[in-house]
Amino acid sequence: MSLRAQLNEADMFLGGPANAEDLLMLETKTRLELSTVLPEQYLELLRSHDGLISSGVFMYSSRPHKFPDSDGLSHSFVEQNLNARELDFMKGFLIFGESD
């Protein structure tokens, strides 16, 4: 069963596949701003779904995506990690998502 079929479309955002340009930009920004390399498993996930928000669960996208029928944007990986690293103890971690 597909991920989309398991979620309520009216109450979620499920990004389409990330394109090669978005992934290259994400990898470059991650290397320059976070001084690390992304795991291949995360990149593979983004190749299927570039971000997810459903029932208080957030999976970060390669870049901010506008939600359909809303002014809101998905949470992007680099920006969310930079925000987290404002706390010293988070500097050694990568965060791929969060939940309420």
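A salt bridge is counted here when a side-chain nitrogen of Lys or Arg lies within 4 Å of a carboxyl oxygen of Asp or Glu. By this rule, the side chains of E40 and R47 form a salt bridge, with an N to O distance of 2.7 Å. The structure is a predicted model, in which local features need pLDDT of at least 70 and side-chain atom pairs count only at pLDDT 80 or more, while totals for chains, interfaces and linings use all residues. Residues are numbered from 1 along each chain as its sequence is written, and side-chain values use heavy atoms, with hydrogens and water left out.

A search of the whole structure returns 5 salt bridges. Side chains of opposite charge can pair when their charged atoms come close. Besides its pairing with E40, R47 forms a salt bridge with E44, where the closest N and O atoms are 3.1 Å apart. E44 and R47 are 3 residues apart in helix α3 (residues 40-48), which places them about one helical turn from each other. Through shared partners, these salt bridges join E40, E44 and R47 into one network. Helices (H or I, at least four residues) and strands (E, at least two) are DSSP runs, numbered from the N terminus. As for accessibility, buried means under 20% relative accessible area and exposed over 50%, with partly exposed in between (1.4 Å probe, protein chains only). E40 is partly exposed at 44%, E44 is partly exposed at 44%, and R47 is partly exposed at 34%.

Another salt bridge links the side chains of R63 and D22, at 3.0 Å from N to O. R63 sits in the loop between β3 and α4, whereas D22 belongs to helix α2 (residues 20-34), so this pair ties together parts that are 41 residues apart in sequence. What sets the two partners apart is their accessibility: R63 is partly exposed, with a relative accessible area of 35%, and D22 is buried, at 9%.

The loop between β3 (57-59) and α4 (77-84) also holds S74. Here the residue is buried, its relative accessible area being 7%. A polar contact is a pair of N or O atoms within 3.5 Å; within protein, one must be able to donate a hydrogen and the other to accept it, and residues adjacent in sequence count only if both atoms are side-chain atoms. The side chain of S74 makes such a contact with the side chain of S61, at 2.8 Å. Contact in general means heavy atoms within 4.5 Å. Neighbours within four places in sequence aside, S74 is in contact with F13, I53, S61, R63, P64, H65 and F67.

I95, in the loop between α4 and β4, is buried with a relative accessible area of 19%. Not counting residues up to four places away in sequence, I95 touches Y60, F77, N81, A84 and M90. For I95 and A84, 11 residues apart along the chain, the C-alpha atoms are separated by 8.2 Å.
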